[in-house]
Amino acid sequence: MTVQDPRVARTRRAIIDAARAALLDGDADRLTLSDIATRAGYSRRAAYANFTDVHGIIRAVTLDALELPEGDGERMTAPLAPEELRSRIRQVLVRIEAERGVLLRIAQLPSQPGLTDALRDVVDEIFDRSRIGMGLGSADDIHAAFLVGGCVNVLRGWIEGSLSGTPEQLADTATVLIALIGARSSNGA
C-alpha cells in the first residue's frame with residue numbers, strides 16, 4: 001500500500017470536483033485538461049501530473065460518483081454467494097440512481113470511453129476482478145467476457161434511460177442470469 005502525498009490527493013480531488021461541476025453545469029465543451037485545471041485553480045501541468053487525458057478524468061469522476069476506489073483490489077479465491085453478489089450489484093445500482101445526473105452527462109459526451117471504462121472497472125469490482133469471483137467455476141474466457149460486457153451494457157443502458165426498472169428489480173434479474181450462466185458453464189454449455 002502506498003501513502004499518497006496530501007497535496008497530490010487535494011489536487012486530484014479538486015480536478016475531479018471541477019470536472020464534475022463542469023459536467024453538471026452543462027459545460028461539456030469545456031472538458032479539456034486545461035479548462036478543467038483552470039476551473040480547479042491549478043495549472044495544466046498539475047492536471048497532466050494527475051491524469052493522462054480527459055478520458056482519465058471522466059473515468060475518475062465516474063468511479064468517484066459510484067464511490068469505488070481507483071486501484072487494484074485483491075482477487076477472490078472462491079465464488080461469491082448469490083446474496084453477496086446481489087448485494088454488490090444493488091449497491092452499484094443505488095449509486096447510479098443517486099448520481100444519474102452526472103453519469104447521464106458523461107454518457108452523452110461524444111466519443112468518450114471514460115464511462116464505459118469506468119463501468120467495466122465497476123463490474124470488475126463487483127466480481128472481485130476475477131472470473132472465479134463470478135461463480136462460473138471452470139467457464140472459459142468467452143463466458144466471463146460475455147457476462148462482464150453484458151453487465152456494462154445494462155448499466156450504461158440504465159444510465160441512458162433505454163432500460164427501466166428499480167435497483168432491486170435489476171439486481172434480482174442480474175443475479176438470476178449470472179446463476180444461469182454459471183449453471184450452463186458447469187454443464188459444458
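Okay, quick definition to start: a helix axis here is a line fitted to C-alpha atoms over the stretch in contact, and the angle between two axes runs from 0 to 180 degrees between N-to-C directions. Keep in mind that what you see above is a predicted model.

Who touches whom? From H1 we have Arg20, Leu23 and Leu24, and they meet Gly101, Val102, Arg105 and Ile106 in H6. Sorted by class, that contact has four nonpolar residues, one polar and two charged.

Now the other partner, helix H4. H4 covers residues 54–65 and H6 covers residues 100–107; here the axes are 10 Å apart, and the packing angle is about 155°. Over 145 degrees counts as roughly antiparallel, so H4 and H6 get that label. The crossing of H4 past H6 is left-handed. On the H4 side you'll find Ile58, Val61, Thr62 and Ala65, and they meet Val102, Leu103 and Ile106 of H6. What classes of residue make up this contact? Six are nonpolar, one is polar, and there are no charged ones.

Look back at Val102 and Ile106: they turn up in the contact with H1 and also in the one with H4.

Conventions. Residues numbered from 1 in each chain as written. Predicted model: local features only at pLDDT ≥ 70, side-chain atom pairs only at ≥ 80, totals over all residues. Heavy atoms only, no water. Helix = DSSP H or I, 4+ residues; strand = E, 2+ residues; numbered from the N terminus. Parallel < 35°, antiparallel > 145°, perpendicular 65-115°, else oblique. Left-handed = near helix turned anticlockwise from the far one by under 90°. Contact = heavy atoms within 4.5 Å. Nonpolar A, V, L, I, M, F, W, Y, C, P; charged D, E, K, R; others polar.
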